[in-house]
Amino acid sequence: MKGTLTGKTAWVTGSSRGIGRVIAGHLASMGAHIVIHGTSSHSTRAFGEAESLQAVADEIELEQGVAVLPVTGDLADDAVVQDAVKRIRERFGRIDVLVNCAGGDIGAEGTLSSTGGKPIGNDPIHMSVADIRSVVDRNLMTCILVCRAVAPEMIERREGVIVNIGSIAGLAGNTHGAVYATAKAAVHEYTRCLADMLRPYDVRVNAVAPGLIITPRIEATRPIDHARRVTGGALDRYGWPIEVARTVAFLVADTSAYVTGQVIRVDGGRQLWPA
């Protein structure tokens with residue numbers, strides 16, 4: 001798909017590390033200028049993925065030959081969102097592709113806590129209120145506020161694509177990670193609602209729901225079955241960030257011109273019931 005996004009600008013939130021970083025690099029390989037985002041300029045250091053957000057930007061620019069703008073801040077704060085959008089428009093003029101990847105099952109203490117960010121008492125009734133608000137803000141409010149800031153310009157141009165990153169956790173009930181699952185389920189439903197609103201303007205909105213994807217944070221915060229840490233030969237294995245990125249690439253390219261309002265699992269068939 002090299003060259004299919006040439007001349008376009010793609011903003012990938014939550015792209016300082018993990019899945020978001022790989023999505024940003026992959027869209028850059030398709031020719032898009034990229035806006036990467038982290039909560040801070042050094043959120044890349046949490047699990048040793050890079051020295052800084054600027055270092056990630058420099059690496060993508062060097063590898064792909066596109067312009068990369070780093071922006072930082074808490075996207076659950078509307079003022080931060082508006083400032084980021086202003087900076088992006090000043091640099092690139094417009095936002096053609098939006099990928100909302102900011103999120104994670106991360107409590108109020110952040111990723112540097114003893115649990116790597118996992119909330120204590122991570123079930124439907126024992127989480128602290130601070131952790132509940134943190135998880136909902138990181139996953140749902142960031143998605144809503146960024147979409148609210150970017151979608152109107154897409155409506156005006158009658159052109160643009162939005163992909164929200166959900167999770168298979170939001171498609172099934174589970175004691176562990178309950179608020180995260182609830183927030184991701186809300187992301188899925190918000191995606192459908194926004195897709196319905198934007199249909200008349202030829203703007204597509206879809207969600208990708210990854211399964212368990214190997215990232216440095218996953219490896220640092222949970223036991224790993226190394227027999228499943230393979231890249232092929234079976235689908236009963238862990239997924240890899242590039243497999244999520246390729247699905248996002250399909251959804252932002254013209255190959256999916258008649259696809260909107262969908263939640264697409266990338267989980268190797270772990271869940272086989274309707275979304």
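This is a predicted model: local features need pLDDT of at least 70, side-chain atom pairs count only at pLDDT 80 or more; totals for chains, interfaces and linings use all residues.
**Entry 1: α1 against α7**

I began with helix α1 (residues 18-29) and helix α7 (residues 241-252), whose axes come within 8 Å and cross at roughly 50°. That angle falls among those counted as oblique, and α1 and α7 are therefore oblique to each other. I noted the crossing of α1 and α7 as right-handed. Looking up the residues that meet, I found Ile 19, Val 22, Ile 23, His 26 and Leu 27 on the α1 side, and on the α7 side Pro 241, Ile 242, Val 244, Ala 245, Arg 246, Val 248, Ala 249 and Val 252. Sorted by class, the residues of this contact of α1 with α7 are 11 nonpolar, one polar and one charged.

**Entry 2: α1 against α2**

I then turned to the packing of α1 with helix α2 (residues 53-64), where the axes are 9 Å apart and the angle is about 30°. Angles under 35 degrees count as roughly parallel, and α1 and α2 are therefore roughly parallel to each other. The crossing in which α1 passes α2 is right-handed. From α1 the contact takes in Arg 21, Ala 24, Gly 25, Ala 28 and Ser 29, while α2 brings Val 56, Glu 59, Ile 60 and Gln 64. I recorded four nonpolar, three polar and two charged residues for the contact of α1 with α2.

**Entry 3: α3 against α4**

For helix α3 (residues 78-92) and helix α4 (residues 129-157), I read axes that come within 9 Å and cross at roughly 35°. Here α3 passes α4 in a right-handed crossing. The α3 residues in this contact are Asp 78, Val 81, Gln 82, Val 85 and Arg 89, and they meet Leu 145, Val 146, Ala 149, Val 150 and Glu 153 of α4. By class, the contact of α3 with α4 holds six nonpolar residues, one polar and three charged.

**Entry 4: rings**

Last, I looked up aromatic pairs, and a search of the whole structure gave zero. I did find a charge placed over a ring, with Arg 228 lying over the face of Tyr 238 at 4.5 Å from the ring centre.

Conventions
Residues are numbered from 1 along each chain as its sequence is written. Side-chain values use heavy atoms; hydrogens and water are left out. Rings of Phe, Tyr and Trp (its six-membered ring) pair if their centres lie within 6.5 Å; planes under 30 degrees apart count as stacked, over 60 as edge-to-face and the rest as tilted. A charge sits over a ring if NZ of Lys or CZ of Arg is within 6 Å of the ring centre and within 35 degrees of the ring normal. Axes are lines fitted to C-alpha atoms, for helices over the stretch in contact, and angles run from 0 to 180 degrees between N-to-C directions. Helices (H or I, at least four residues) and strands (E, at least two) are DSSP runs, numbered from the N terminus. Angles under 35 degrees count as roughly parallel, over 145 as roughly antiparallel, 65 to 115 as roughly perpendicular and the rest as oblique. A crossing is left-handed if the near helix is turned anticlockwise from the far one by less than a right angle, and right-handed if clockwise. Contact means heavy atoms within 4.5 Å. Ala, Val, Leu, Ile, Met, Phe, Trp, Tyr, Cys and Pro count as nonpolar, Asp, Glu, Lys and Arg as charged, and the others, Gly among them, as polar.
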